[in-house]
Amino acid sequence: MFGARARILSAVIFAIVSSMVLQPVNATQPDCQRCVAFRLDDIQDFYYSNEQRAIIEMFRQNNASVTIGIIGSMFGNDTELVDFVRQYRNDSRIEIANHGWLHEDFGLLEDAASQQELLEGTNQRIHDLLGHDVLITTFIAPFNSVNDHTYEAVANSGLYIISADPVRDTIFANDQTSSSPLYHLPMTAEVSILTENQTAWEPVPVIEILSKIDDSIVANGNAVVMLHPWDNIENVQSVIAHIKDKSDYKIVTLKEMAFGQNEVPEGLNAAILALTLGGVVTAGLLFRSKRMSS
Ligand SMILES: [Zn+2]
């Protein structure tokens, strides 16, 4: 009896997914050539307060896009920051992304369920504070650290894009031909770098940042630049200016890098992931939880 039900459910899900798939999903690398995304990590309450706002304003003044990573449990008490971010919630140049619940090291979490719980906590916090119509598509991994469970957790949390370390993201590093349901857009350049003893951040010279961006464009077609609120704002501005000088480069958000101007397809990835896992029952649950949460 269960077998028959499972087969019917499987057929129904396959039909739904087939109708949703308008183009092949090999989402590891997007079709955004010479695209550069800036990723501002560690947005949180009472933390480099002036710098956080100044750097986001600088991007706006330069008409350049930026993706900001919010740490869920550390966002909400600083009303000045919340109000500041809220005013740009519908600004297409500012993408609001998930940067973990407590800035956990996801690479150390041994199962997908616990990772999913943290991701959904932050999604919820962002929606509660900034509005439920804010479309969150991107997980910026704290410490750029992920493991094989993270892919499932990210997809099950309704997210589409994972931005981590290019080596620790093993699908990006080793398996780009896989039909991962996610876009894998790792950090490939950084504005400052952790010292060897991991105690301080040292600024990277602008010329080196630009060369890393060029290298990544050659290798991947795109580049993702990590920055933090404490980074030297003049250096960031200088990098933006140099990129803008190259007329064939385009500054985008991570979401735009993955989807361009297209609408993000709701529910697609969770469905495909469930199918690839071969879990018919899981798929049914995913569909249910998707509907309940939306
Ligand atoms: Zn961080």
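Residues are numbered from 1 along each chain as its sequence is written. The mean pLDDT (the predictor's confidence in each residue, from 0 to 100) is 85, and 80% of the residues reach 70 or more. Values stay under 50 over residues 14–25, for which the model has ten contacts beyond four places in sequence, and also over residues 268–294, for which it has 40 such contacts; two residues are in contact if their C-beta atoms, placed from the backbone, lie within 7 Å. Where pLDDT is low, the predicted coordinates should not be read in detail.

The protein has eleven helices and eleven strands, taken as DSSP runs (helices H or I, at least four residues; strands E, at least two) and numbered from the N terminus. Of its 294 residues, 42% count as buried, a residue being buried if 20 or more other C-beta atoms lie within 10 Å of its own, with C-beta atoms placed from the backbone. Among contacts between residues at least 6 apart in sequence, 74% join residues at least 24 apart.

The largest nonpolar core has 66 residues, and those with the most contacts inside it are A37, V154, I161, I162 and V225. Strand 1 (residues 35–43) gives the most to this core, contributing six residues. Such a core is a set of buried Ala, Val, Leu, Ile, Met, Phe, Trp, Tyr and Cys residues joined through C-beta atoms within 7 Å. When residues up to four places away in sequence are left out, V154 touches L119, F139, L159, I162 and L182.

Helix 5 (residues 148–156) is mostly covered, with seven of its nine residues buried; these are T150, Y151, E152, A153, V154, A155 and N156. Just after helix 5, G158 takes a positive phi of about 80°.

The axes of helix 7 (residues 206–220) and helix 8 (residues 233–245) come within 10 Å and cross at roughly 45°.

Terms used: This is a predicted model: local features need pLDDT of at least 70, side-chain atom pairs count only at pLDDT 80 or more; totals for chains, interfaces and linings use all residues. A residue is buried if 20 or more other C-beta atoms lie within 10 Å of its own, exposed if 12 or fewer, and partly exposed in between; C-beta atoms are placed from the backbone. Axes are lines fitted to C-alpha atoms, for helices over the stretch in contact, and angles run from 0 to 180 degrees between N-to-C directions.
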